[in-house]
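Dear colleague,

Please find below the structure that I am handing over to you, together with its sequence. My notes on it come directly after.

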Amino acid sequence: MNFAKRIIPCLDVKNGRVVKGVNFVGLQDAGDPVEIAQKYNAQGADELVFLDITASAEGRGTTIDMVRQVAKEVFIPFSVGGGISSLDDMYSLLNAGCDKISINSAAIKNPVLIEEGAKRFGSQCIVVAVDYKYFGDLDSQALMTDTELEGRIVDSTKSLTNYSLWHVFINGGRVDTGKDLLEWCREIYDRGAGEILLTSMDCDGVKKGYDKAGIEAVSAIAPLPLIASGGAGCMQDFVDVFGYGADAALAASVFHYGEIGITQLKSYLKAHNISVRI
């Protein structure tokens, strides 16, 4: 079945404001989350992702009131993440009006939470966000696709630790877990998550395209819907990322600052034979 590809604006929120940076640092104010959510709903975004980016690092939960306000203004699927560490947290946010829960740091610290969330609320509600960095020569990363990378995804039952070229980070990109990206994504799949939200910290905000090698590797080893994040700079980048195996493309700054309009982007994708909802 040919499912339509999804375009998903991301609202990274800090202190009640949408912010955007480069490589997870240098955050700049981008506006009011409720107003921005309304705009994207009107423009035809397929979904929204709302991330309270400092909640985990600050040891607090996501602001429920803001979630309620945003949820009142949108009529498309709406995911929320940041500081979620229990089934009660998930229930509170779903009850406040969101459609999906995104967990990141808590999933690493307590992987069973993925299973418990999927069992309690349905796997379609549970998105596991994965922030990662590449540890190697970035200029030679593409060469790995046909050599080392091929060996890594042939037998997913074998340990991949000796090939930890990508590390998973938590707490808004502040802490390197040392965990291998592909091993973790396979575990996410095995534990019953509904989607993976995959963010390349190297590509984040750089606007030079999504991470081809990482997306292809994860989509091969964890066959569940994949939201690619980090790197969108032009409309062709969205065409490319769907060719890498992504089911949805998430972006922030190009949408927030009006560099790419969602309506125009979808027309561009359709002209390039990408199935989208218009």
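This is a predicted model: local features need pLDDT of at least 70, side-chain atom pairs count only at pLDDT 80 or more; totals for chains, interfaces and linings use all residues.

Residues are numbered from 1 along each chain as its sequence is written, and side-chain values use heavy atoms, with hydrogens and water left out.

Salt bridges

The structure holds 12 salt bridges, a salt bridge being a side-chain nitrogen of Lys or Arg within 4 Å of a carboxyl oxygen of Asp or Glu. Arg6, Glu47, Lys100 and Glu195 are linked by such bridges into a network. Within it, the side chains of Arg6 and Glu47 meet at 2.7 Å, N to O. Arg6 lies in strand β1 (residues 6–14) and Glu47 in the loop between α1 (33–43) and β4, so this pair ties together parts that are 41 residues apart in sequence. Helices (H or I, at least four residues) and strands (E, at least two) are DSSP runs, numbered from the N terminus.

Arg6 also forms a salt bridge with Glu195, the closest N and O atoms being 2.6 Å apart. That pair links distant parts of the chain, with Glu195 in strand β10 and Arg6 in strand β1, 189 residues apart. Arg6 is buried, with a relative accessible area of 11%, and Glu47 is buried at 5%; Glu195 is buried as well. Here buried means under 20% relative accessible area, exposed over 50%, and partly exposed in between (1.4 Å probe, protein chains only).

Lys100 lies in strand β6 (residues 100–103) and counts as buried at 11% relative accessibility. Its side chain makes polar contacts with the side chains of Glu47, at 3.3 Å, and of Glu195, at 2.9 Å. A polar contact is a pair of N or O atoms within 3.5 Å; within protein, one must be able to donate a hydrogen and the other to accept it, and residues adjacent in sequence count only if both atoms are side-chain atoms.

Lys266 lies in helix α12 and Asp46 in the loop between α1 and β4, so the pair ties together parts that are 220 residues apart in sequence. Lys266 is buried at 5%, and Asp46 at 10%.

Aromatic pairs

The structure holds 6 aromatic pairs. Rings of Phe, Tyr and Trp (its six-membered ring) pair if their centres lie within 6.5 Å; planes under 30 degrees apart count as stacked, over 60 as edge-to-face and the rest as tilted. Phe50 and Phe78 form an edge-to-face pair, 6.1 Å centre to centre with 70° between the planes. Phe50 is in strand β4 (residues 48–52) and Phe78 in strand β5 (residues 78–81), 28 residues apart; both are buried. Tyr134 and Trp166 form a tilted pair, at 6.0 Å and 55°. Ring pairs also link Tyr40, Tyr210, Phe238 and Phe255 into a cluster.

Positive phi angles

Most residues other than glycine have a negative phi. Lys207 has a positive phi of about 65°; Lys207 lies in the loop between β10 (195–200) and α9 (212–221) and is partly exposed, at 30%. Asn273 likewise has a positive phi, near 65°. Asn273 is found in the segment after α12 (262–271) and is exposed, with a relative accessible area of 74%.

With kind regards
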